Amino acid sequence: MSTPSASTTRGPSTQGRSELGVALLLLVLGGWAVGDALRLPDVQARGPVDAKTIPLAVGALLILTALLLAVDVLRGGRGEQEAGEDVDLGHGSDWKTLGLLTAAFVANILLIDRLGWPVSGAVLFFGTTYALGSRHPVRNAIISIALSVGTWYLFNLALGIALPVGILKGIL
Amino acid sequence: MDALTDLLNGFATAAHPTNLLYAFVGVLLGTAIGVLPGIGPAMTIALLLPLTYSLEPTQAFIMFAGIYYGGMYGGSTTSILLNTPGESASVITAIEGNRMARAGRGAAALATAAIGSFVAGTIGTLCLALLAPQVVKLAIKMGAPDYFAVMVLAFIAVTTVLGSSKVRGLAALAIGLLIGLIGIDPTSGQQRLTLGIPELADGIDVVVVAVALFAVGEAMWIAAHLRRTPVEIIGVGAARMNRNDWRRSWKPWLRGTAIGFPFGAVPAGGAEIPTFLSYVTEKKLTKHPEEFGKGAIEGVAGPEATNNASAAGGLVPLLTLGIPTTATAAVMLGAFQGYGIQPGPRLLETQPELVWGLVASLFIGNAILLALNLPLAPMWAKLLRIPRPYLYAGILFFASIGAYAANLSTFDLWLLLVLGALGFGMRRFGLPVVPAIIGIILGPTAEEQMRRALQISDGQLSGLYNTWFSKAVYVVILLVVVVPPIVGRLRTPKKTNEPQHAEKGE
C-alpha cells in the first residue's frame, strides 16, 4: 500500500503501526473517561443528565474515533505530519535532540524552587540551545544568564510577580 | 446611536496616556513576537499573557487589542518573506506574497498587506461596534438550548473545516473535551478525571494548555526535525507601494473586508474559507490573470484584508456569546476567564468600560500598527534571521515563565511538559491542534448549557431543540456536515481516479 500523504524514510508498515498506536491511545483515554465516570457515586439530579453523562459521552466519542482511525489507518490513511520552513521531514524524529531538550526542561522544573529562576532559567536556555546544536558555550552562557536575570527583574519589579530568587537571595 | 456614544466613551478610556502606552507596547511586542517564524497570533497572545497578569482587566485588554492585531500582522510578514505561515489563515497570503518577495516586490507586498489590514481592520471593528449591541439584544433572548446548539455548531465547524482528515479532527476535539472535563464538576461538586491529584481539582489552566499545545509542542516538534541548512530569507526595504499598486489593491481590500467580516461573525468557521474565497474571487476578477501564481498583488491584498476583517468579525461571537471560533479567540476567552470575566450577552452591561475600551483600542492599535510597520518592515525582516537554537530556546524559556507565573507552581511546569508532548504527538500524527483548544475551552460551558436546558425541560430531550433558533442551528449543522462531501463527490471524481491510475502504472 502506498502512502502518498506521508513522507518518511521509514517503511509504511512501521508508520502504520505507530498510527495504530494513536488509535490505541484514544481507546485508552476513552476507557479512562468511561471508567472514571462509572466510579462516581449517584447524586440526585433532575433529569437524565448528571455528572456522569458527559464523561460517558466523551469517552464514547474517544472510543468511536479510535475505531474510525484504526479503520482509516488499515485502509491506508496516514496522518499528515506538520510541515514548516524550519522542519525537515526527510528524516525521522531526532530523539537525541528531543531527549536533551526535555532534560533541560525537566532540569528547570527540578531546580526552580531550590536554586531560583535566575539559575534554573539560565540552565533551561543554555541546555536548549546546546540541544539544538549551538556550540558557542561562552556566548550562550552570557545570553542565558542575561535573559534569566533580566526576566527575574522584569517580573519581580515591573510586573509584581514573585519568581523564586533561590540561592541568589540577597545578591539580586 | 447608542453604540457610537458608547464607542466614544471607549475612546475616552483608551486615549488615556497610560492606556495608549499599553496599546503601543502591545502592538510592538505583538508584531515582534508574531514575526518570529512558526509563531502564530494565538501563540503570541498565549506567550505574552503573563505580562498582563498584574494589570487591571481594562488595561490588560487594551494591551491585548494591540497584541492581537500586532501578532496577526507579524504573521503575514513572516509568510510573505519566509513562506512559513504561523496560522492557517495566512497560508493563502503566502502563495502570492512570497512569490512577490522573490520577484523583488517584497516592499509592495508588505505595504499592501499592512494598509489592507488597516482598512479591513478599521471597517471590521466599526461593524463590530455597530453589530455587537444588536447581537446582544438577540442573545439576551437566547436560552440554554440555543447556546448549546451554537456550541455544537462551533465544534462541528472547527473539526470539519480544518485539516485534511475529519477523523483526526474529531479525535483532536475529543481529546480537548476530555482535558476540559478534568477537575471538579461545578454542578455536583464531584471530582472528575483528577487521578486524586489535588492540583487538578481546579481544572487545568487554559493558559497552560494553550502554551503547551502551541508553543512547547511546536518547539519539540521542530527540535526533532530541525533543518540544519540555513533558511533563505529575502531582504526588504521600507514597505511602500507605487500608484499602480494602489490602483490594483483598493478594490481587493474592500472585497476582502466584505467577505471576511460575515464569515468571522458567524460562529462556524475561522478564516480559512473566507481567505480562500477572497483569493479565488480576486483571481477571477483580476485584469492580470497571468500574474497569479507568480506574485499578483491582488492575491495578497484580498486575502490579507479578509483575514483581518474576519478576525474583527470573530470578536462578535466572542464578546456577545462567549463563543470563540478561532484559536486566537479561544486563547482570548481563556484570558477573560482568567480575570473572572465571562464574555456573553451580559458583558456589555456589566463591563461597558472594558468592552468599549477594548473596541476603541482595536481602532487605535490598528493605526499604531500602520504607522509602525511601514517604516519598520526592514527591522522585522531582520528578526527572521534569528538563529534557530535561540528562537526555540527562547520559546521554551518564555513558555516556562508564563506557565509558572500563572500559579507559581512547578506542577504547571510538569503539566506543560506532558501536554507539550501531546502537542508533539498531534503534530506527528496529523491531529489538528485548534479543535483540541476549542474543545478544552468550550467543552465545560457546553456541558453547563446542556444540563441547564435539560433541567428546564425536566429531563425531556426535546428541551435541547424546542426553540426555533436551536432548530435552525441544527439545520445549519446538518448542512455543514452533509453538503461538503456531496459537493466534493460531484466535483472530483476525476481527481481521485487519476492518482490511482498512476499508482497502478508504476
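Trainee: At roughly what angle do the axes of helix 4 and helix 5 of chain A cross, and within what distance do they come?

Mentor: The axes of helix 4 (residues 117-131) and helix 5 (residues 137-158) of chain A cross at roughly 140° and come within 8 Å, where axes are lines fitted to C-alpha atoms, for helices over the stretch in contact, and angles run from 0 to 180 degrees between N-to-C directions. This is a predicted model, in which local features need pLDDT of at least 70 and side-chain atom pairs count only at pLDDT 80 or more, while totals for chains, interfaces and linings use all residues. Residues are numbered from 1 along each chain as its sequence is written, and chains are lettered from A and ligands numbered from 1 in the order in which they are written.

Trainee: Why are helix 4 and helix 5 of chain A called oblique to each other?

Mentor: Angles under 35 degrees count as roughly parallel, over 145 as roughly antiparallel, 65 to 115 as roughly perpendicular and the rest as oblique. The crossing angle is roughly 140°, and the two helices are therefore oblique to each other.

Trainee: Which residues of helix 4 and helix 5 of chain A make the contact?

Mentor: Two residues are in contact if their C-beta atoms, placed from the backbone, lie within 7 Å; among them are Trp117(A), Gly121(A) and Phe125(A) of helix 4 and Ala141(A), Ser144(A) and Trp152(A) of helix 5. By class, this contact has 10 nonpolar, six polar and no charged residues, where Ala, Val, Leu, Ile, Met, Phe, Trp, Tyr, Cys and Pro count as nonpolar, Asp, Glu, Lys and Arg as charged, and the others, Gly among them, as polar.

Trainee: What makes helix 9 and helix 17 of chain B oblique?

Mentor: The axes of helix 9 (residues 206-224) and helix 17 (residues 410-428) of chain B come within 7 Å and cross at roughly 55°, and these helices are therefore oblique to each other. Their contact has 14 nonpolar, three polar and three charged residues.

Trainee: How do you know that helix 8 of chain B is mostly covered?

Mentor: A residue is buried if 20 or more other C-beta atoms lie within 10 Å of its own, exposed if 12 or fewer, and partly exposed in between, with C-beta atoms placed from the backbone. In helix 8 of chain B, 15 of its 16 residues are buried.

Trainee: What span is expected for helix 8 of chain B?

Mentor: The expected span is 1.5 Å times one less than the number of residues; helix 8 (residues 166-181) of chain B has 16 residues and reaches 23 Å from its first C-alpha to its last, close to the 22 Å expected.

Key: Helix = DSSP H or I, 4+ residues; strand = E, 2+ residues; numbered from the N terminus.
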